Amino acid sequence: RKLSLGSDGAYDKVTLDLNGNVGIGTTAPAAMLEVIARASGGHPPLFLRRGATNESASLKLLTTTTEDWIVGMRNDGTNNFRIYSYGASSDVFNINRADGNVGIGDTTPNYKLDVNGTFRVTGAATFDSSIGFTTVLAGNGSAGAPSFAFTSDTNTGIYRVGENVIGFAVAATSIMSLNLT
């Protein structure tokens, strides 16, 4: 037998089946908890609401007793979305509520995508000047670690020697520099 609570004539409101699964809006829950929204108007079937800005509206994910992740709203006044990693001991992904900026390894992203750390693009990266983006900015680099280098030859490439001077390096050795004079 199963336990069912409440009914609107078509659906049981809450069901506890023989396997211990709980269903809200379903009579046959397929998981430990299954929620099916039966209301119109686009309302989500679950609300996580915090009582104050220093409280959390989030989910904590654990492996047995090991805390792994927190997914939800930051427990500060920003109301930003975050994914916190206990392995990294920090927020690893953030979305600003105010402007939609996304931060990876950055809790205060100032751009549509702000990455703090090294990232990789597999395939082509396209920078379209029609959106006003015409400049790629890089750090100064050096002959041993050029700003623009190659994945299979990281000490060969182009770097900034000084103001208005660029250098070319091969095997971590400066082979040429160009300037206006």
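Predicted model: local features only at pLDDT ≥ 70, side-chain atom pairs only at ≥ 80, totals over all residues.
**Entry 1: serine 89**

I started at serine 89, which sits in the loop between β7 and β8 (90-95); strands here are DSSP runs of E with at least two residues, and helices are runs of H or I with at least four, numbered from the N terminus. Serine 89 isn't a glycine, yet its phi is positive, at about 55°. Most residues other than glycine have a negative phi. Buried or exposed? I looked up serine 89 and it is exposed, at 53% relative accessible area (the cut-offs are under 20% for buried, over 50% for exposed, and partly exposed in between, with a 1.4 Å probe and protein chains only).

Numbering runs from 1 along each chain as its sequence is written, and side-chain values use heavy atoms, leaving out hydrogens and water.

**Entry 2: asparagine 79**

Next I went to the loop between β6 and β7, where I found asparagine 79. Its phi is near 65°, again positive in a residue other than glycine. Asparagine 79 is partly exposed, with a relative accessible area of 29%.

I then checked the strands. β5 (residues 57-63) pairs with β6 (residues 66-73) in the antiparallel sense, over seven bridges; pairing takes at least two DSSP bridges between two strands. The two make a hairpin with two residues between them, and threonine 64 in that turn has a positive phi of about 45°. I traced serine 58 to its bridge partner in β6, glycine 72. Which residue of β6 stands opposite leucine 61? That one is tryptophan 69. On the β7 side, tryptophan 69 stands opposite serine 85. β6 and β7 (residues 81-85) run antiparallel, joined by five bridges.

**Entry 3: the second largest pocket**

Last, I looked at the second largest pocket, with a volume of about 180 Å³. A pocket is an open set of points on a 1 Å grid over the protein atoms alone, where a 1.4 Å probe fits, with protein on both sides within 12 Å along at least five of seven lines; lining residues have an atom within 4 Å of a point. The volume is the space filled by probe spheres set on the points, which are joined across faces, edges and corners. Among the lining residues I noted Arg120, Leu137, Phe148 and Thr151. The lining splits into six nonpolar, two polar and one charged.

Methods
Nonpolar A, V, L, I, M, F, W, Y, C, P; charged D, E, K, R; others polar.
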